[in-house]
Amino acid sequence: MKKTRSATPVSRRDFLKGAGCLTIGFPLLGGEWPAAYFPGAMPAAPPEDTLPGSLQKQPRINAWLEILADGRVRVLTGKMELGQGIRTAIAQVAAEELDLDLDRVEVHLAETERTPHEGYTAGSGSIENSAMSVRYAAAAARQKLLALAAQKLGQPADQLTVADGGVSTRNGKRLTFAEILDGKQIEDEVRLPVALKPKGSYRWVGKAVPRQDIERMVRGEPMYVQDLRFPGMVHARVVRPAGYRARLLAFDRGPLEKEFPGLLKTVVNGDFLGVIAAEEYLAVEAHRFLKQRVRWSAPAALPEGQPLADYLKNLPGETQTVQEKGTGAREPSGGTSLRATYFKPYVMHASIGPSCAVARYEDGKLHLWSHSQGIYPMRESLVKMLGLAATQIHVVGVPGSGCYGHNGADDAAADAALLAMAYPGKHVRLQWSREDEHGWEPYGSAMRVEIEASLDGAGRIHHWHGEVWTDSHSTRPGPEAANLLAARYLEKPFRMESPGYLGGGHRNADPYYVLPHLRIIAHFFEGPLRVSSLRSLGAYANVFAVESFMDELAEKAGKDPVEFRLAHSEDERAIAVIRKVRELIRSQPVAANEGIGFAFSRYKNAATYCAVAAKVAVNTQTGDVRVRRMWAAIDAGEVINLDGIINQTEGGMIQAASWTLMEEVRFDQQHVSSLDWATYPIFRFSDVPEVEVAVINRPEQKPLGAGEAAQGPTAAAIANAVYRACGKRIRQLPIRPEKITG
Amino acid sequence: MAAKITLRVNGKKRTVQVDPATPLLYVLRNQLELNGPKYGCGLEQCGSCLVLLDGKAVPSCRMPVEAVKDQSVVTLEGLTRKNGELHPVPRAFVQQQAAQCGYCLNGMVIAAVALLAENRHPDDDAIRNGLQRVLCRCGTQARVIRAVSQAAQEAQP
């Protein structure tokens with residue numbers, strides 16, 4: 001099977017000529033909209049020729065926003081708040097187009113039959129899809145409100161002013177939005193052209209608008225699915241099997257019921273085993289009791305102790321050529337060639353708060369509160385697993401602990417649903433334990449990357465041949481039932497049919513550089529551990545490999561690594577972030593045991609640009625590696641919330657530095673053995689570098705998500721810095737002390 | 001098995017009817033309906049469930065409720081005054097926007113309050129040490145350090 005695609009994405013040519021402005025600057029844009037439309041405003045932006053993706057599917061204005069009687073506006077998004085601050089960004093664009101104060105906008109997160117179906121909150125797509133849909137819907141609502149007000153007030157629309165949730169005439173007559181609509185909502189569809197507010201007169205967008213939810217957090221207000229409380233709510237725990245394929249051998253209710261007479265219900269459905277109690281602690285104790293006593297069949301053995309990088313390469317699987325350019329000729333005249341193999345182990349999402357859900361089943365209707373990233377797709381899987389119609393399942397999205405991809409959220413919801421249906425009429429709260437989350441979440445796949453490249457006589461890359469070995473990067477629910485963990489263990493189990501290999505595995509395997517001859521091949525295996533989407537998917541491993549290899553090639557060519565990258569770059573926006581990060585570290589002192597490394601990537605080769613520098617200190621005696629400081633320059637197009645981008649990038653670097661230095665999911669023959677924070681350590685305060693982020697705002701460009709741009713460059717920048725500090729090239733993550741001393 | 005236990009939480013006497021072995025965390029969250037302390041690991045490894053026990057930051061996830069009968073328990077909620085005014089530490093967290101998902105925020109704020117009670121002028125290392133037991137997965141530690149540093153400066157006489 002062979003798949004090819006265009007070697008040069010159109011967006012690559014879509015760059016801005018000239019340097020961007022580094023802070024918040026607004027170029028004057030020419031436009032076709034009469035300035036009078038927005039009195040006193042600068043010329044408006046030209047209409048875009050297409051509507052944002054989510055809006056095309058759900059074009060009605062009131063699918064996205066509702067005018068409330070008190071003058072506030074409720075925005076409906078199909079996305080979830082994951083800690084990325086999407087609520088604030090969405091409120092900003094709505095407040096902007098409707099000229100409202102920010103606190104007059106309320107954001108309603110994903111809920112079935114209430115908000116638009118926007119798939120998953122994933123792939124850094126929430127700004128591009130949801131926020132932009134809200135922008136257009138709000139702008140269209142404004143047009144409609146002005147037109148209606150013009151009729152009611154007997155004045156032409158261009159004589160009217162929109163402010164504070166109302167429309168006013170010059171002589172002081174005013175109608176609120178609700179009065180204009182007579183209490184109705186705007187059911188018109190958004191149609192092009194839509195007059196967007198000129199960017200030059202923005203009041204909210206592009207600014208570092210503080211998130212309002214942080215104050216609610218420090219006050220201990222109920223925020224999370226874990227904080228939900230309902231009258232009569234009961235507490236549940238699920239006893240997970242001894243391994244992925246273990247079966248429940250024998251279960252005797254007798255001793256359990258004798259020990260815990262207060263237990264409300266024990267649910268046994270095939271190999272699915274759960275307990276329900278009025279008191280949470282009783283459920284915890286019953287779970288502990290069962291865990292020690294329930295007997296499971298020995299699961300199929302996991303490949304404990306095998307060198308994973310080789311083991312995974314030798315698994316059977318499908319191979320695809322995903323990118324091919326030039327003749328693929330390997331031998332340049334008068335040049336040299338180089339090859340290297342890189343490896344990234346299984347890494348976990350490792351949410352600080354284990355997954356949780358509340359479910360209630362009554363009168364044939366299931367209500368479910370979940371921190372799933374995709375409530376609508378999850379519902380499709382629940383329909384199959386539970387045998388209910390979609391109309392019988394109502395899912396409310398409630399934020400949980402940060403997830404960074406597909407963690408246990410959907411599985412906990414499925415557990416809660418099964419238990420609630422076995423114990424109808426009550427709200428059943430299902431809380432995963434730390435061990436459940438560590439041991440059963442779907443990890444980011446282990447990956448192997450091999451690269452071979454040659455340099456021509458002038459030290460430029462002539463050909464590049466990359467091969468990637470990877471498992472799936474999406475086994476999310478929707479529509480298959482088996483993507484929900486519990487479904488595989490029911491009396492009538494659902495089987496995983498295909499892991500679904502999409503592009504996530506070879507994401508960013510093709511370098512974003514000018515290369516005359518290029519071939520990228522992806523090999524898909526089905527590995528020993530459960531896997532799915534982890535922040536940036538395959539880009540983390542691929543950029544680690546590509547950008548480590550760029551440094552190796554630069555050295556071979558006798559070039560400065562940053563200059564080497566610039567010499568292979570043609571996109572001005574790429575060049576700008578690389579130069580910016582170099583500027584940030586210009587006056588950094590570097591001690592004898594220290595080194596600074598660089599890396600760059602454009603996420604998905606079509607989205608956000610990010611260059612990262614890392615300064616590390618290496619103790620060659622102990623192998624201890626400390627990341628002292630990290631810098632990033634990022635261009636995510638038009639900035640919606642400046643601090644949101646900075647926060648995501650700071651956090652992205654710190655999280656990815658933790659992956660890079662410490663993290664590796666371990667397992668024995670039976671199951672995963674990384675079951676808590678001692679057996680799967682992550683960064684603590686003593687490990688965390690200082691971080692600095694420079695944002696290049698491009699108000700004239702499409703706004704892009706910024707949460708997944710820094711991970712890959714972070715890994716390579718650290719590995720490159722380690723090499724510069726001590727001469728050791730680490731190609732197998734994580735960069736543990738024994739790899740430095742060994 | 002359940003017994004009547006009287007606790008002093010956020011300056012108030014609260015009586016609950018629970019199994020005396022119940023970890024304090026569950027009593028705070030379920031009986032007293034407080035959201036501040038969070039369940040993170042149940043193993044005293046992550047700091048999500050920290051509370052102030054006689055002014056010291058301690059994990060509440062394994063501590064039997066009967067063991068704290070005679071002590072003063074302060075949770076995140078207890079740091080907000082009746083008039084809604086925030087304590088300098090949480091206020092600095094808001095000003096520094098030191099959160100992403102915010103799930104670890106309780107542990108961060110409680111650990112910082114305990115630290116500043118012992119050391120009014122902590123340097124960077126002392127802040128890191130004081131907060132070492134609290135895990136954050138979003139990577140907001142750099143902001144948390146700035147927030148604690150700001151709170152320390154504001155608390156200076």
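Predicted model: local features only at pLDDT ≥ 70, side-chain atom pairs only at ≥ 80, totals over all residues.

Reply: Happy to; the account below starts with the rings, then moves to domains, chains and the core.

A pair of aromatic rings is described by the distance of the centres and the angle of the planes. Rings of Phe, Tyr and Trp (its six-membered ring) pair if their centres lie within 6.5 Å; planes under 30 degrees apart are stacked, over 60 edge-to-face, and the rest tilted. Over all chains, a search of the whole structure finds twelve aromatic pairs. One of them is A:Tyr244 with A:Trp440, edge-to-face at 5.5 Å centre to centre and 80° between the planes. This pair links distant parts of the chain, 196 residues apart: A:Tyr244 lies in the loop between strands E7 (234–239) and E8 (248–250) of chain A, and A:Trp440 in helix H12 (residues 434–440) of chain A. Helices (H or I, at least four residues) and strands (E, at least two) are DSSP runs, numbered from the N terminus. A:Tyr244 counts as buried because its relative accessible area is 13%, and A:Trp440 is buried because its value is 4%. (Buried is under 20% relative accessible area, exposed over 50%, partly exposed in between, with a 1.4 Å probe and protein chains only.)

A:Tyr512 and A:Tyr609 also form an edge-to-face pair, with 6.2 Å between centres and 70° between the planes. Here again distant parts of the chain are linked, 97 residues apart: A:Tyr512 is in the loop between strands E19 (461–470) and E20 (517–525) of chain A, and A:Tyr609 is in strand E22 (residues 609–618) of chain A. Both are buried, A:Tyr512 at 6% relative accessible area and A:Tyr609 at 0%.

The charged end of A:Arg476 sits over the ring of A:Tyr120, 5.0 Å from its centre. In chain B, B:Lys38 lies over the face of B:Tyr103, at 6.0 Å from the ring centre.

Chain A is assigned domain 1 (25–205), domain 2 (228–298 + 349–440) and domain 3 (315–346 + 443–741), with bounds from an automatic or database domain assignment. The C-alpha centres of domains 2 and 3 of chain A lie 35 Å apart. Contact, meaning heavy atoms within 4.5 Å, takes in 36 residues of domain 2 of chain A and 34 residues of domain 3 of chain A. Together these two domains bury about 3,200 Å², 60% of it on carbon and sulfur atoms. A:Tyr244, A:His406 and A:His438 supply 24% of the area that domain 2 of chain A buries against domain 3 of chain A, more than any other three residues. (Buried area is the accessible area, 1.4 Å probe, that two parts lose on being put together, summed over both.) As for A:Arg245, A:Ala300 touches both this residue and A:Gln669, not counting residues up to four places away in sequence.

Between the chains, 53 residues of chain B are in contact with 61 residues of chain A. The area buried there is about 4,800 Å², with 53% from carbon and sulfur atoms. On the chain B side, B:Gln100, B:Leu135 and B:Arg137 lose the most area to chain A, together 19% of what that side buries.

Last comes the core: a set of buried Ala, Val, Leu, Ile, Met, Phe, Trp, Tyr and Cys residues joined through side-chain atoms within 4.5 Å. The largest nonpolar core has 268 residues, and A:Trp464 and B:Phe93 have the most contacts inside it. Helix H4 (residues 126–153) of chain A gives its largest share, 15 residues. B:Phe93 is one of the buried residues in helix H2 (residues 88–96) of chain B. The cover over the buried residues of H2(B) includes helix H6 (213–218) of chain A, along with helices H3 (105–118) and H5 (141–154) of chain B.

Key: Residues numbered from 1 in each chain as written. Chains lettered and ligands numbered in written order. Heavy atoms only, no water. Lys NZ or Arg CZ within 6 Å of the ring centre and 35° of its normal.
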